[in-house]
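Colleague: I would like to learn how to read a few features of a model such as this one, starting with a strand and its neighbours. Could you take me through them one at a time?

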Amino acid sequence: RAGGGSRWSRGERESSKMPVGEQYKLVNPAALPDPETNELPNGVFKTVKDAVKSGPGVPIVLLPGVYEEVLLIEGGEQLVGLKAARELLAEGGGEDLPELKEGEEDGESVLLGTSFHTVSFLGDGSLHGITIRQRGPGKWFGVHCASGSPELKECVLDGATSSCIGVCGGASPTVTGCRIARSFTGCGVCVFEGGQGTFEGNTVVDNCRSGVEVSGEESNVTLTDNQIHRNHGDGVLLFEGATCTMNGNKVFHNWHCGVEARDQATLTAEGNELRANNFGVLVARQASAQLTGNAVHGNFITGVDVSKRNKEGEEEECQATLAGNTIKFNLESGVKLWFDSAAKLDGNTIYANLEEFKLTPRSRRHVQYGQLEDGEDMEGAPQGSVYGNNKVTELHHILHPSTLHDEPEEPAPVGG
């Protein structure tokens with residue numbers, strides 16, 4: 001039972017310096033009304049919904065326990081777990097927060113929805129230190145952001161019958177330091193129909209489909225310093241004209257791609273680590289990508305795979321730009337350009353991939369290589385490389401060092 005371990009009493013509350021209700025509201029299902037007035041103390045509520053309905057102003061503190069409720073937040077309400085509240089109110093107003101029995105202080109404050117989205121944002125508001133679960137029939141989000149700029153900080157989104165977080169309609173949440181895991185039929189994060197958002201320092205893991213999925217021409221997200229792994233689709237999937245900027249993420253052990261951009265999506269990725277996925281990066285079906293300074297290592301198929309450019313664009317249109325990336329130890333080609341793709345490669349290190357750099361005849365017409373500066377030498381790579389300023393060392397050069405300075409060959413052709 002939520003709040004069942006609290007040693008708080010009305011007398012203790014009245015003797016404190018900061019009465020509850022002035023600096024925070026308290027949700028305590030075990031609270032007892034005054035025997036004379038039959039009313040709960042000021043600022044104390046038995047359900048989270050009642051606390052939210054009382055209006056914004058001060059944080060709503062949830063004692064550890066499970067609250068089986070469905071919430072609508074649209075007026076800036078702040079929901080905070082007890083442990084997070086002690087930090088939030090440390091500078092004043094939190095001296096009289098309830099003291100719990102030993103071992104209960106670190107208990108979770110769980111919001112459990114069983115018939116709809118557990119928490120729906122139609123405006124601003126925030127969740128801090130809360131666990132959100134969605135169960136029951138139907139397909140619902142754990143958190144649905146439909147409008148406003150809500151904030152989620154240090155929360156656990158523990159499963160949903162659809163995706164753990166759904167964002168649409170121009171909503172622009174900021175999600176920081178959360179664990180987003182175990183959606184039953186959907187993604188960890190699903191952004192669609194013009195959804196926006198900033199996701200930083202989160203762990204997105206063990207979801208039924210992709211870790212992060214973004215679709216729609218007006219949908220645009222920023223992913224920074226997240227760990228995205230063990231998802232049953234892509235780590236990150238972009239399609240239908242969506243836009244995504246990725247910086248400093250670690251994307252690994254996903255069942256399909258680390259990152260997949262297709263159907264006119266736009267990807268900008270810098271300083272990410274993409275390893276041990278099937279594909280590292282897949283850019284296909286008229287998508288475009290700017291890949292800078294990424295480490296694409298040890299993927300089970302291709303490191304970077306680019307195909308099918310947008311033929312309606314300019315003849316020399318560049319579909320993908322790869323600059324300063326390290327692409328090595330992938331179990332097929334480090335780079336594969338095929339099916340009439342267009343790419344520019346500038347200053348990349350492509351090393352010890354199991355198969356050679358691959359390039360189709362139709363793509364060969366559209367590939368560009370950065371040029372060596374006067375006097376620049378590609379030490380450790382075949383001299384006079386046909387790859388311009390890209391350092392390409394194939395596996396056979398490593399196994400047979402005597403071939404290192406042989407006359408370089410054109411990239412291996414592939415069909416299509």
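Colleague: Which residue of β27 does Cys244 stand opposite?

Modeller: In this predicted model, Cys244 stands opposite Leu267 in β27. Five bridges join β24 to strand β27 (residues 266–270), and the two run parallel. Strand β21 (residues 220–224) is likewise joined to β24 by five bridges, again in parallel, and there Leu223 has Met246 as its bridge partner.

Colleague: How many aromatic pairs does the structure hold?

Modeller: The structure holds six. In one of them, the rings of Phe141 and Phe192 have planes at 40° and centres 6.2 Å apart, so the pair is tilted. Phe141 belongs to the loop between β10 and β11 and Phe192 to the loop between β17 and β18, so the pair ties together parts that are 51 residues apart in sequence. Phe141 is buried, at a relative accessible area of 10%, and Phe192 is buried too, at 19%.

Colleague: Which residues line the largest pocket nearest its centre?

Modeller: Rolling a probe the size of a water molecule over the atoms shows where empty space is left. The largest pocket holds about 260 Å³ of space, and of its 16 lining residues Lys83, Asp106, Gly107, Glu108 and Gly129 lie nearest the centre. The lining divides into five nonpolar, five polar and six charged residues.

Conventions
Residues numbered from 1 in each chain as written. Predicted model: local features only at pLDDT ≥ 70, side-chain atom pairs only at ≥ 80, totals over all residues. Heavy atoms only, no water. 1 Å grid on protein atoms, 1.4 Å probe; cavity = no way out; pocket = protein on both sides within 12 Å on 5 of 7 lines; lining within 4 Å. Points joined across faces, edges and corners; volume = space filled by probe spheres on them. Nonpolar A, V, L, I, M, F, W, Y, C, P; charged D, E, K, R; others polar. Pairing = 2+ DSSP bridges. Helix = DSSP H or I, 4+ residues; strand = E, 2+ residues; numbered from the N terminus. Phe/Tyr/Trp six-rings, centres within 6.5 Å; stacked < 30°, edge-to-face > 60°. Buried < 20%, exposed > 50% of the residue type's maximum accessible area, 1.4 Å probe, protein only.
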